[in-house]
Every structure is written in C-alpha cells, then in structure tokens.
Amino acid sequence: MKYWIVVVSKDHIARGVAGGFIQANHGKEGPLKRMTADDGVVIYSPKQSYSGDEPLRAFTAIGQVADDKIYQHKMTEDFTPYRRNINYVDCTETPIVPLVANLDFIKNKSSWGYPFRFGFFEIPAADFELIKTNMLGVG
C-alpha cells in the first residue's frame, strides 16, 4: 500500500469528491498508473479556485483508490482527461501550516511548499496517518 498527495484547487476537487474520481496533473495518465487499489490519497489545495488567486493551503479531501481502472472522460470537445475512482470519506478541511514541522516529506521546513510544485507525489505512511488523524479526528 502506498500513499499519495495530489495537488488540486478546492473548486476542482469538490467536483471530484461529488463524482468519486481523481484527475492528476491536468488529466495526465502517468501519475494515475502509479496508484493501485486501496492506496491512500490526500488532496492538497493551494488555492480556493483553479482560476483565482485566493490562497487556501489546506488538505481538502482524503480517500482510497477504489479499483485498478483508469479511464478517460470527455469534459469538453478538446479535453478528455484520465481519471481513477476514489472512495472519499467525510473530512474536515485541514490547514497545512500547523502540520509542517511534523511532516517528514517536507525536508526544508522554511520552504515547505516546494514538494507541492510537482502536483503528485508519494508520501510516507506516517505522514498520511498524521494528515488523516487531523482530517478525520481519529487515530
């Protein structure tokens, strides 16, 4: 089992949660191929909306990869992104700043935003559990 962070604006992940899916890195297939059924997924939203400038800097969704299927969904005439099904769970939006000091995947605490520039990356199980505990209020 692996654990992933996917960077998605809050407005876009709201659609993903409602539809039970994830898209990564602007609909690319490659990142989704790295996931397997039952992997943990946390969504980090740097902004409230994709086209806006209002910062958020919070974990906004959490769940598990539902199956091993990757599929395409036509959103517009010229945009057919790849998706995976995710079983999201109800959670509380959780600001990242109070967690930075305790997250091992963030090596340079003063430049904590750097890892998120990649849009999709694996994190250690302990970091996933810390985020999950804060989002779900469980251990």
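**Close-up views of a predicted model**

View 1. Lysine 132 and glutamate 129 lie three residues apart in helix H3 (residues 125-136), so about one helical turn separates them. This is a predicted model. The two side chains meet in a salt bridge, 3.7 Å from N to O. Lysine 132 is partly exposed, at 22% relative accessibility. Glutamate 129 is partly exposed too, at 31%.

View 2. Glutamate 93 pairs with lysine 10, and their closest N and O atoms are 2.8 Å apart. Glutamate 93 sits in the loop between strand E5 (82-88) and strand E6 (94-95), while lysine 10 belongs to helix H1 (residues 10-19). The two residues are 83 residues apart. Search the whole structure and four salt bridges turn up.

**View 3. Aspartate 39, buried without a salt bridge.** Aspartate 39 lies in the loop between helix H2 (30-33) and strand E3 (40-47). Which side chain of opposite charge is nearest to aspartate 39? Lysine 2 is, at 6.7 Å. A salt bridge needs the atoms within 4 Å, and aspartate 39 has none. Instead, the aspartate 39 side chain makes a polar contact with the side chain of tryptophan 4, at 2.9 Å. Its contacts beyond four places in sequence include Arg34 and Gln64.

**View 4. Strand E3 and its two partners.** Strand E1 (residues 3-7) runs parallel to E3, joined by five bridges. Strand E4 (residues 55-72) pairs with E3 in the antiparallel sense, over seven bridges. Tyrosine 44 in E3 stands opposite valine 7. Its bridge partner in E4 is phenylalanine 59. Six of the eight E3 residues are buried.

Key
Residues are numbered from 1 along each chain as its sequence is written. This is a predicted model: local features need pLDDT of at least 70, side-chain atom pairs count only at pLDDT 80 or more; totals for chains, interfaces and linings use all residues. Side-chain values use heavy atoms; hydrogens and water are left out. Helices (H or I, at least four residues) and strands (E, at least two) are DSSP runs, numbered from the N terminus. Buried means under 20% relative accessible area, exposed over 50%, partly exposed in between (1.4 Å probe, protein chains only). Lys and Arg count as positive and Asp and Glu as negative; His and the chain ends are not counted. A polar contact is a pair of N or O atoms within 3.5 Å; within protein, one must be able to donate a hydrogen and the other to accept it, and residues adjacent in sequence count only if both atoms are side-chain atoms. Contact means heavy atoms within 4.5 Å. Two strands pair if DSSP finds at least two bridges between them.
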